[in-house]
Amino acid sequence: MRLVSVKSNLHHKVSPSLFFQKACRYKGIMSASESVGNNTEKKLIKIDISSDTVCPWCFVGKKNLDKAIAASKDHYDFQIRWHPFQLNPSAPKEGINKKEFYRNKFGSQTERIEARMSEVFRGHGLEYNLSGLTGNTLDSHRLMHFAGQQGLDKQHNLMEVLSLGYFTQAKFIGDQEFLLESAKEVGIEGAEEFLRDPKNGLKEVNEELEKYSASITGVPYFVINGSQKLSGAQPPEVFLRAFQVV
């Protein structure tokens, strides 16, 4: 039995059609060398996730995945890698008003979408916040790449911190100070020097965009052990079933 290409409407498409708790650090998310040698009795689950740091459904998908991991950590080890996706590659680097942006993008659907996201976030004990600025996510993806070089657990935790800041605290995803504060919180070293040069990580991010994002139209997008493909913010039980059949 194989579970392939499960789709959900709980995702963020390019088309307009349609949360960091400090105790929540997943030590079961390891580098490739750690994951193979640490516990040979557990099956290794490799998960590749395409996501944008301003996609609320991506954050919801992460929260659901984390619940599934917590419920099955005694049975599996996990190797999770985050890959970039840009919902709006032409978004201005200096940022624009978030509410205004959504009104321009979604029109009359804006209030309904905001109400739905608020409801979903409350289900995770969080308050969805549309205040502040939105903008280009390239620097955040560069930082995510840099974090991954220092450990997949740091990369995973950085996604949590960035998402909490942007979606619940009105932080601007393009603000260097916010990015550096987030990097510091999860223990990433050398982030300031890395981000200072806009060329650092750019080649790698573009390569990943081409490899992992060119063939998909919406995020989040999960690939489990290279074969099972889950589109959208799947509930925890879908991830749990996927873990069992890979």
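In this predicted model, the axes of helix α5 (residues 138-150) and helix α9 (residues 202-213) come within 9 Å and cross at roughly 95 degrees. Because angles of 65 to 115 degrees count as roughly perpendicular, α5 is described as roughly perpendicular to α9. On the α5 side the contact is made by L138, H141, R142 and H145, while α9 contributes L202, E204 and V205. Sorted by class, this contact of α5 with α9 comprises three nonpolar, two polar and two charged residues.

The strands considered here form an open sheet of four, in the order β3-β2-β7-β8, and their pairing is mixed. At the edges of the sheet are β3 (76-84) and β8 (228-231), each of which pairs on one side only, and from one strand to the next the twist averages 20 degrees. Strand β7 (residues 221-224) pairs with β8 in the antiparallel sense over four bridges, and Y221 has S231, in β8, as its bridge partner.

Two helices lie across strands of this sheet, as set out below.

| Helix | Strands it lies across | Angle to a strand |
|---|---|---|
| α9 (residues 202-213) | β2 (43-51) and β3 | about 110 degrees to β3 |
| α10 (residues 236-245) | β2, β3, β7 and β8 | about 175 degrees to β8 |

Helix α9 therefore takes part in both arrangements, since its axis comes within 9 Å of that of α5 and α9 also lies across β2 and β3, where contact means heavy atoms within 4.5 Å.

Definitions and conventions:
Residues numbered from 1 in each chain as written. Predicted model: local features only at pLDDT ≥ 70, side-chain atom pairs only at ≥ 80, totals over all residues. Heavy atoms only, no water. Axes fitted to C-alpha atoms, helices over the stretch in contact; angles between N-to-C directions. Parallel < 35°, antiparallel > 145°, perpendicular 65-115°, else oblique. Nonpolar A, V, L, I, M, F, W, Y, C, P; charged D, E, K, R; others polar. Pairing = 2+ DSSP bridges.
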